[in-house]
Protein chains: 2
Amino acid sequence: MDNKGMLFLVGIGPGSLEEMTVRAKNILQAADTVIGYTTYIRLIYPLLAGKEVIESGMTREKERCQRAIEEALQGRKVALISSGDSGIYGMSGLLLELMDKDSRAREIAVEMAPGVPAFVAAAAAVGAPLMNDFAAISLSDLLTPWEAIEKRLAAAATGDFVTCLYNPKSSKRTVQIERAVEIFSKHRDHHTPCAIVRSVSRPEQSITMTSLEHLQDCFIDMLCLVIIGNSQTALHGTWMVTSRGYEL
Amino acid sequence: MDNKGMLFLVGIGPGSLEEMTVRAKNILQAADTVIGYTTYIRLIYPLLAGKEVIESGMTREKERCQRAIEEALQGRKVALISSGDSGIYGMSGLLLELMDKDSRAREIAVEMAPGVPAFVAAAAAVGAPLMNDFAAISLSDLLTPWEAIEKRLAAAATGDFVTCLYNPKSSKRTVQIERAVEIFSKHRDHHTPCAIVRSVSRPEQSITMTSLEHLQDCFIDMLCLVIIGNSQTALHGTWMVTSRGYEL
């Protein structure tokens, strides 16, 4: 390492500092420079004293990656943060793609610090819906064509996957979740338990338990994760549980 | 809480103590009784001094859950551990199902401490293969009929999901992974990048990078997780990356 710096891709977990891994915390504490989306930087503010903090808004992902590369080339220890896990709808992929195109970046050492993904924390908040095979699908068609997303919804529905929907609905994107419910309704009982977890693991976390037929009537926005049960999902008391098949 | 005890479902993360969340560590430190599969108990041994430790072997899941309920009913603080996340092929579901059938258990307070799932750590170890929609499928047909698993494999393959295979192969179950490769080969390029991560996040971790056509020729056992890329997955340097679709 001839002073070329280090670049850490850090998943800070779903929200609370407690849900961060010990390793992520240690890396943040050792870093010189911490780069991230403003909302996520705020979540870890208590850990950032004395560090260079570079924050930017949504859709500035590429800029943040490029800045992280530049800082690491200066010989700094850089932590590029994502909420949840950095490799799940986070910054890892874009950063690795950009580094591969930049010959200067070859000498930067990269390390990943995985985190608890938001959908895993959301599942834990409502019980144990992911006890059998599951799929995660983002309903945002900003980067993925809607046809591909719709194909995945149909595949997840026919395959009886418990399904987690990321980015389910925004003020502008309201049709996607309707279409998702329509597709799942063709293959699953209308009473299938569903959960909406908003701002998971943050002080303002809220949970709505519902069923497939009533999902669309519930309040959903971009801060929500939606979990649609499969044919083996049931409510046990207030918990949403997908049976693994053990004899009880 | 009239001395009825607490039951914590703790995901200890993929292996190393560092990959555990701060919260999981705090819960283990505060617990009176820690219950788990022998292999996982060994992973967290440094945290168990002075505690009652109840360990048992594989297939003893139901017994461990029942013991956890009994201990909690004695007024103890019980941590029932799983590797990775407790809600992903772990102990959470079975425990909640058993508690729901046991009227005495209604007064036990239950809390989940999510962890970094093994597949998330495996993905981070090879790059960023989960940057777009993904599915997880266990190839173990001990509790799920093989027909259902095969249906899911076909759905994941046609839906172009990056796919993580849990329990890919044992000394007795060797046909399942062959069948999986056969199904994916119908829908994906034979050169699709695949990764085999063995004993993720443990000192003996090993990684094999391969392609769909050579996957079966590689050493695979029950300590491995297999990640099959989708149509947008490529190698960038030595990293396996699924493109999210950003313009570079």
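How accessible is R76(B), in relative terms? At 29% relative accessibility, R76(B) counts as partly exposed; the cut-offs are under 20% relative accessible area for buried, over 50% for exposed and partly exposed in between, with a 1.4 Å probe and protein chains only.

A few notes before the views. This is a predicted model, where local features need pLDDT of at least 70, side-chain atom pairs count only at pLDDT 80 or more, and totals for chains, interfaces and linings use all residues. Residues are numbered from 1 along each chain as its sequence is written, chains are lettered from A and ligands numbered from 1 in the order in which they are written, and side-chain values use heavy atoms, leaving out hydrogens and water.

**View 1. R76(B) pairs up with E71(B) in a salt bridge.** The N to O distance here is 3.4 Å, and the rule asks for a side-chain nitrogen of Lys or Arg within 4 Å of a carboxyl oxygen of Asp or Glu. E71(B) is buried, at 9% relative accessible area. Searching the whole structure turns up 30 salt bridges over all chains.

**View 2. E63(A) and R60(A) make another salt bridge.** Their N to O distance is 3.1 Å. E63(A) is partly exposed at 41%, and R60(A) is partly exposed too, at 39%.

**View 3. R188(B) reaches D160(B) through a salt bridge of 3.9 Å, N to O.** The pair ties together distant parts of the chain, 28 residues apart: R188(B) sits in the loop between α7 (175-187) and β9 (193-198) of chain B, and D160(B) in the loop between α6 (146-158) and β8 (162-166) of chain B. Helices (H or I, at least four residues) and strands (E, at least two) are DSSP runs, numbered from the N terminus. Both R188(B) and D160(B) are buried. Over in chain A, salt bridges with shared partners join E52(A), R67(A), E71(A) and R76(A) into one network.

**View 4. I227(A) sits in strand β11 (residues 224-228) of chain A.** With 1% relative accessibility, I227(A) counts as buried. Setting aside neighbours within four places in sequence, its contacts (heavy atoms within 4.5 Å) include A122(A), V126(A), P129(A), C164(A), C194(A) and M240(A).

**View 5. Helix α1 (residues 22-30) of chain B has V22(B), R23(B), A24(B), I27(B) and L28(B) as its buried residues.** Those residues pack against α1 (22-30) of chain A, and also against β1 (6-11), β2 (33-37), β4 (77-82) and β5 (109-113) of chain B.

**View 6. Chain B and chain A bury about 6,300 Å² between them.** Buried area is the accessible area (1.4 Å probe) that two parts lose on being put together, summed over both; here 61% of it is on carbon and sulfur atoms. R152(B), Y246(B) and L248(B) supply 12% of the area that chain B buries against chain A, more than any other three residues. The contact takes 68 residues from chain B and 68 residues from chain A. Across this interface the rule finds 6 salt bridges, and R152(A) forms a salt bridge with D160(B), with closest N and O atoms 3.6 Å apart.
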